[in-house]
Amino acid sequence: MRNLKLAVFNSCDKPSSFNALAEAIAKKEINADFQLIIASKSTGYDYVKNLLKNLCIDKMPEIIVIDRKKYENIDKFNDEIYKILSKYDFDLIVMAGWLHLFRVGEKYKYKVINLHPALFSTGIKGKGAYGKNVHSAIIEKKLPAGCTVHFADDEYDHGPVILKKEVEVLPNDTPESIAIKIRNECVRDILPRAIQLIAESKIKIENDKVKILE
């Protein structure tokens with residue numbers, strides 16, 4: 001089985017779902033390699049590069065910074081991303097710690113997956129639904145915590161769900177403790193697992209819904 005070539009979008013300069021993906025690749029837990037990493041903030045470059053070096057990734061990918069702040073609107077930002085992507089050969093786009101709307105369009109339909117740090121059933125999704133905002137809302141509204149891996153479309157946190165996982169919320173939990181639980185118990189499990197399912201051609205899409213093959 002050949003390894004999937006991944007183009008990864010990341011907006012963080014601190015631990016995020018990108019770490020879980022990088023660790024899974026470094027440990028060869030999944031049949032996938034980094035081909036390209038696009039960072040949407042300048043400080044993300046050093047963070048990503050140092051993380052991959054520390055994990056002793058076999059093949060260092062191209063790391064390109066496309067600073068969102070330099071583009072007056074999301075459409076121009078997306079146009080620049082499309083230009084970059086057109087120069088590379090990859091099998092799958094993974095949004096891991098990505099905070100911006102990427103317009104998938106027909107070209108990349110069912111070729112982009114996203115990790116959302118909440119269960120879609122909670123309704124905590126959309127623009128601004130990331131990080132502490134998500135975990136604070138879970139506590140305030142007494143909702144279940146967890147995360148969702150899904151195929152992305154042209155809306156924030158929307159598209160066919162591949163895998164989801166819930167974690168227990170205790171009375172003394174804080175947004176910070178929930179974030180750690182989700183990262184350690186959910187993200188490290190279902191993000192690599194979803195990618196491996198794709199690598200093994202075990203995902204079929206029928207009527208815009210995911211069916212996992214045996």
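**Ground rules.** I am working on a predicted model, in which local features need pLDDT of at least 70 and side-chain atom pairs count only at pLDDT 80 or more, while totals for chains, interfaces and linings use all residues. I number residues from 1 along each chain as its sequence is written, and I take side-chain values from heavy atoms, with hydrogens and water left out.

**Cysteines.** I looked for disulfides, defined as a pair of cysteine sulfur atoms within 2.5 Å, and the structure holds 0 of them. C186 is in no disulfide, and the nearest cysteine sulfur, belonging to C147, is 4.1 Å away. I then looked up accessibility, where buried means under 20% relative accessible area, exposed over 50%, and partly exposed in between (1.4 Å probe, protein chains only). C186 is buried at 0%, whereas C56 is exposed at 59%.

**D157.** I found D157 in the loop between β6 (145-151) and β7 (161-167); strands (E, at least two residues) and helices (H or I, at least four) are DSSP runs numbered from the N terminus. The side chain of D157 does make a polar contact with the side chain of H116 at 3.3 Å, and a polar atom of the D157 side chain lies 2.8 Å from the backbone nitrogen of G126. A polar contact is a pair of N or O atoms within 3.5 Å; within protein, one must be able to donate a hydrogen and the other to accept it, and residues adjacent in sequence count only if both atoms are side-chain atoms.

**Salt bridges.** I noted 11 salt bridges in the structure. One of them joins the side chains of K132 and E176 (3.5 Å, N to O), linking distant parts of the chain, with K132 in helix α4 (residues 131-141) and E176 in helix α5 (residues 175-199), 44 residues apart. K132 is exposed at 52%, and E176 is partly exposed at 44%. R193 and D189 also meet in a salt bridge (3.0 Å, N to O), and both lie in helix α5, 4 residues apart, about one turn of the helix.

Methods
Salt bridge = Lys/Arg side-chain N within 4 Å of Asp/Glu carboxyl O.
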